[in-house]
Amino acid sequence: MSYETSEKELYAGLYRFAWLLLMREDMAKKVVMDALEEVHQRTSHSHEESERIHARLYQVVRQRALRVPVTPFSPVPAPARSGWPIHAGTRLADMDSSAVTQALHQVEEPGRSALALVLLDAVEVESIEKILGLSIPQLADSVDRARASVAQALGLDVEASR
Amino acid sequence: MNLKSAITLLKCQGPISLESPDRATSAALKAVSKSSESAAALAHQKTIDALVGAKISVPVPEDFLTSLHELGEKLNEPVARSSATVRNPAFLVVALAFVAMVGLVVWISLSQWDGFPGMDEAVLLAEAGDVSQPSQFEALDATAGSLSDWFVMQGFDGFQVPAAFAHQAVVGVRVFDFEGVSVAMAVVPENRSFFYVFPSRPLGVAPGESGSWRIIEYGSDSAPRVMGISQIGDFCFMVTFEGHRAQMERFIRASNQSSP
């Protein structure tokens with residue numbers, strides 16, 4: 001691959017984010033392609049800082065993804081609780097990836113986008129605030145609820161607040 | 001940093017940010033380490049995030065990354081120019097005629113254009129706000145003209161709507177940040193509209209003299225949206241809903257007529 005790692009990481013991050021919101025490879029690809037074109041057309045200043053452009057790309061990917069009609073998923077069946085408590089890590093490590101992504105997909109917005117962006121670690125927290133239009137306390141609350149929601153869907157005990 | 005701020009900041013951090021913390025995160029980690037309860041909760045967060053993070057790291061098709069790279073290259077490709085061609089007199093005559101023709105077309109278009117300085121920023125703001133979820137709003141039952149005090153209490157000073165829209169019922173409100181600028185937003189049941197108020201200067205949005213309206217269509221073919229925007233003093237008032245220019249014109253006209 002001849003292009004820079006940072007560019008590759010950006011594209012990979014955008015695709016993963018779109019995929020987590022849509023859970024469809026074809027639509028995730030389309031949304032990312034369209035977002036790249038749209039942001040390029042609207043970015044008039046070539047010297048615009050990259051973090052701002054990256055944030056705008058994630059923002060447009062999210063806007064486009066949220067407009068795509070979703071196919072309803074069946075709720076993730078909570079795992080049987082025999083032998084509880086078992087260390088959460090042990091349970092998750094053995095869990096199918098699709099159950100985890102589906103649990104995240106079922107979280108309400110903006111928590112789903114917030115947690116996905118935090119876990120993908122693709123942009124800074126200040127950028128996540130701008131992408132989602134939330135203040136830091138609102139973002140913290142959304143991420144916290146999303147974490148608790150994923151943990152609950154997967155049958156893991158997690159404290160929702162500290 | 002106090003414990004509450006530290007906890008708030010750390011909740012927004014992913015596993016990688018916590019592994020190699022910046023200055024603020026380091027200070028927050030230090031503050032949290034003094035409380036055994038919070039430290040334990042953070043350890044739990046790290047465990048869950050690391051494991052969920054690993055599971056959601058879906059593979060990215062290599063050919064797709066290549067396609068994106070090629071698209072990026074194509075979009076950034078400079079227009080090739082040959083100096084020899086530019087010096088050719090025939091080319092110069094054609095170029096001058098072309099420039100004159102383009103100038104004429106631009107002049108005609110501008111006389112009919114409904115654009116304004118900062119239009120792109122206004123559209124981006126509307127697109128960011130329009131996808132807000134119901135859970136992001138505080139529910140209330142009020143009219144648009146009575147919300148000024150509520151927004152002041154939320155730290156937004158200057159909420160105002162044109163008199164013709166003051167009677168509109170509002171069922172939800174929020175303040176959000178767009179590119180470092182606070183934006184006041186209200187949900188209006190009529191036409192399933194959103195009202196936005198924001199300071200015009202920081203975003204460079206200047207829709208024109210007070211009382212005049214600019215109407216812009218945006219969105220996609222499958223989900224067309226339209227905005228009406230007007231200047232009120234140092235602020236912009238913007239209405240958005242799903243539809244086209246004609247519907248916005250009707251909405252503004254009807255509001256003006258029904259205004260007491």
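User: Hi! What should I know about numbering and the kind of model before we start?
Analyst: Residues are numbered from 1 along each chain as its sequence is written, and chains are lettered from A, with ligands numbered from 1, in the order in which they are written. This is a predicted model, where local features need pLDDT of at least 70, side-chain atom pairs count only at pLDDT 80 or more, and totals for chains, interfaces and linings use all residues, while side-chain values use heavy atoms, with hydrogens and water left out.

User: Great. What is the strand order in the sheet of chain B?
Analyst: The order is 1-2-3-4-7-6-5, in an open sheet of 7 strands with antiparallel pairing. Strands here are DSSP runs of E with at least two residues, helices are runs of H or I with at least four, and both are numbered from the N terminus. Two strands pair if DSSP finds at least two bridges between them.

User: Which strands are at the edges?
Analyst: Strand 1 (138-143) and strand 5 (214-219) of chain B, each pairing on one side only. From one strand to the next, the twist averages 30°.

User: How many bridges join strand 5 to strand 6 in chain B?
Analyst: There are 6 bridges, and the two strands run antiparallel. They form a hairpin with 4 residues between them. Within this pairing, B:Glu217 stands opposite B:Val226 in strand 6 of chain B.

User: And what about strand 4 and strand 7 of chain B?
Analyst: Strand 4 (residues 193-199) and strand 7 (residues 235-242) of chain B are also antiparallel, over 6 bridges. There, B:Tyr196 has B:Met238 in strand 7 of chain B as its bridge partner.

User: Which helix lies across those strands?
Analyst: Helix 8 (residues 119-130) of chain B lies across several strands, including strand 5, and runs at about 55° to strand 5 of chain B. Contact means heavy atoms within 4.5 Å. Axes are lines fitted to C-alpha atoms, for helices over the stretch in contact, and angles run from 0 to 180 degrees between N-to-C directions.

User: Switching topic: how much area do chain A and chain B bury between them?
Analyst: About 5400 Å², with 65% of it on carbon and sulfur atoms. Buried area is the accessible area (1.4 Å probe) that two parts lose on being put together, summed over both.

User: How many salt bridges cross the interface of chain A and chain B?
Analyst: The rule finds 7 across that interface, and the count over all chains comes to 17. A salt bridge is a side-chain nitrogen of Lys or Arg within 4 Å of a carboxyl oxygen of Asp or Glu. One of them links B:Glu127 and A:Arg67, whose closest N and O atoms are 3.9 Å apart. B:Glu127 lies in helix 8 of chain B and A:Arg67 in helix 3 of chain A, so the pair joins two chains. The side chains of B:Glu179 and A:Arg52 also meet in a salt bridge, at 2.6 Å from N to O.

User: Last one: where is A:Pro110 found, and what is its peptide bond from A:Glu109 like?
Analyst: A:Pro110 is in the loop between helix 5 and helix 6 of chain A, and the peptide bond from A:Glu109 is cis, with omega near 0°. Most residues other than glycine have a negative phi, and most peptide bonds are trans. A:Asp121 is not a glycine, yet has a positive phi of about 55°. A:Asp121 lies in the loop between helix 6 and helix 7 of chain A.
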